[in-house]
Each structure stands twice: as C-alpha cells, then as structure tokens.
Amino acid sequence: MESGRSLDDAIAALDRALRSVFAPARAARPVPGGAAEGPLSAAQQRESAALMRVNHSGELAAQALYHGQALIARSPATRALLMEAARAENDHLAWCETRLAELGARPSLLNPLWYAGSFAIGALAALAGDRTSLGFVVETERQVEGHLDEHLGRLPVGDRRSRAILETMRAEEIAHGVTAVAAGGERLPAPVRALMRRTARVMTGTAYWV
Ligand SMILES: [Fe+2]
Ligand SMILES: [Fe+2]
C-alpha cells in the first residue's frame, strides 16, 4: 500500500519534471505591464536576452526545488503550500519564456540539468523536516529577490517590458517568503545559506551564456 503510494508520487513527480523542462510553460495570468517597447540596440537586446535566460532558468530551478520538497514533505499542509508556490513560479517561468522569444533568444540548453539538480537539492532539504524545508523556501525567495534587484539594475533602461516582468516577480517572491515564514519556516544556518548562494551563482553565471 505504502510502496504503491510512493510509486504514484514518483510517477507524478517525473511527469511534472518532464512538463516543466520540455513543454512550453502556460501562464495562468497575462504577462505583466505590456508596456510599449523602447528602441533597443542590438547589444541591448543581447544583454536583455542573456538576463532573461538567467531568470527563466532561475524560475525553473525554483519550481524544481519546490517539486522536490513537496515529494518529501511530511504534512499535507506543507505539501500543498509547496505545490502552490511551484504553480506561482510557473507563471514567472512562462512570462520569462514569452519575453525570451520576443527578444529572439532561446532558453538555457542546460535547463534539464538545472531542473534535476534543483529537484535533488529540494528533496534533500525536505529530509530535514517541514520547518527546515519551509525555511529553505524563505531563504530561496530572499536570494531570488536580491538577484532580481541586481538584474533590475543591469537591464537596459529602454527594456520596459522585461522590467515590468521582473518587478512583478520580485513582489511575488517577497510574498512567497512571507507565506513560508507564517507557515513556520525556520531560519537556516549561515553555512547552508552561503552554500545556497554559491550553488545559485553557478547556475546564474552559466545560464547567462549557455
Ligand atoms: Fe518566481
Ligand atoms: Fe517565488
């Protein structure tokens, strides 16, 4: 009975993984802003595309973390919170995907790797228990917020459409963090937070180029 349940969970997780990585992301809400595009030079368009590719991979990784955590979560409430968080990241993923296509660029070729690695890290984090797992959400969202601040500073001034997407994402990441704190998320030890930052830097550094 128990092993049948785990097999169902594993199949559902695999189905989610394949959809996230290989199917076009479908947003439940329209792309924010819709601001008219300022004139972008070829160099600016390349820079915007590189940054949006990083953000696209980041949203995929966030979704994978939450899928991995949800698979291992002990309480149904924690699992529901994680699946809801993953659904919100799917809108962000779809918006970044749309914007990337508008900029004439493709997503990171390494997305299957980012998904698989993040899923494993999420599952590992969840083994430490639900409060730690929720704390992991808090820290992930806090780091994504910092990362988006950096990108908002680097985005070409004329790219109002990408800016509107990132600003909406930033506001929603803050809300996700608040929800996870309210659900009992514990602050993670400093070495774990530092390790998370280093791991994220590998992905953001690579997805900029590939
Ligand atoms: Fe997000
Ligand atoms: Fe988020």
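**View 1. Isoleucine 72 and its neighbours in the predicted model.** Isoleucine 72 touches Ala123, Ala126 and Leu127, when residues up to four places away in sequence are not counted. This view, like those that follow, is drawn from a predicted model. Isoleucine 72 has its place in helix 2, and with a relative accessible area of 28% it is partly exposed. Along the chain, isoleucine 72 and alanine 128 are 56 residues apart, and their C-alpha atoms are separated by 9.7 Å.

View 2. Distant parts of the chain are linked here, with glutamate 59 in helix 2 and glutamate 173 in helix 6, 114 residues apart. Are these two glutamates buried or exposed? Glutamate 59 counts as buried, because its relative accessibility is 3%, and glutamate 173 is also buried, with a relative accessible area of 1%.

**View 3. The iron ion (ligand 2) and the glutamate that bridges two ions.** Which residue bridges the iron ion (ligand 2) and the iron ion (ligand 1)? Glutamate 89 does so, and the two ions that it bridges lie 3.8 Å apart. Glutamate 89 belongs to helix 3 (residues 76–102) and histidine 176 to helix 6 (residues 160–182), so that this pair, 87 residues apart, links distant parts of the chain. Both glutamate 89 and histidine 176 are buried.

**View 4. A salt bridge between glutamate 172 and arginine 29.** The structure holds 11 salt bridges, and in one of them the side chains of glutamate 172 and arginine 29 meet, at 2.7 Å from N to O. Glutamate 172 lies in helix 6, whereas arginine 29 lies in the loop between helix 1 (2–22) and helix 2, so the pair ties together parts that are 143 residues apart in sequence. Glutamate 172 counts as buried at 16% relative accessibility, while arginine 29, at 33%, counts as partly exposed.

View 5. The side chains of arginine 161 and glutamate 102 meet in a salt bridge of 2.7 Å, from N to O. Because arginine 161 lies in helix 6 and glutamate 102 in helix 3, the pair ties together parts that are 59 residues apart in sequence. Arginine 161 is buried, with a relative accessible area of 16%, whereas glutamate 102 counts as partly exposed at 37% relative accessibility. Which residues are linked in a network of salt bridges? They are Arg99, Glu102, Asp159 and Arg161.

View 6. The side chains of glutamate 150 and arginine 154 meet in a salt bridge of 2.8 Å, from N to O. Both residues lie in helix 5, four residues apart, which is about one turn of the helix. In an α-helix there are 3.6 residues a turn, so residues three or four places apart point the same way. Glutamate 150 is partly exposed, with a relative accessible area of 43%, and arginine 154 is likewise partly exposed, with a relative accessible area of 37%.

View 7. Helix 7 (residues 190–207) has 18 residues and reaches 26 Å from its first C-alpha to its last, close to the 26 Å expected at 1.5 Å a residue. Its buried residues are Arg193, Met196, Met203 and Ala207. Seen down the axis of helix 7, these buried residues fall within an arc of 85°, so they line one face of the helix. The residues that helix 7 buries pack against helix 2 (42–72), helix 4 (111–127) and helix 5 (130–154). On the face of helix 7 that is turned away from its buried side are the exposed residues Pro191 and Arg201.

Notes: Residues are numbered from 1 along each chain as its sequence is written. Chains are lettered from A and ligands numbered from 1 in the order in which they are written. This is a predicted model: local features need pLDDT of at least 70, side-chain atom pairs count only at pLDDT 80 or more; totals for chains, interfaces and linings use all residues. Side-chain values use heavy atoms; hydrogens and water are left out. Helices (H or I, at least four residues) and strands (E, at least two) are DSSP runs, numbered from the N terminus. The expected span of a helix is 1.5 Å times one less than its number of residues. Buried means under 20% relative accessible area, exposed over 50%, partly exposed in between (1.4 Å probe, protein chains only). The arc is that of the directions from the helix axis to the C-beta atoms. Contact means heavy atoms within 4.5 Å. Donors are N, O and S atoms within 2.8 Å of the metal (3.2 Å for Na, K and Ca); water is not among the atoms, so sites may look incomplete. A salt bridge is a side-chain nitrogen of Lys or Arg within 4 Å of a carboxyl oxygen of Asp or Glu.
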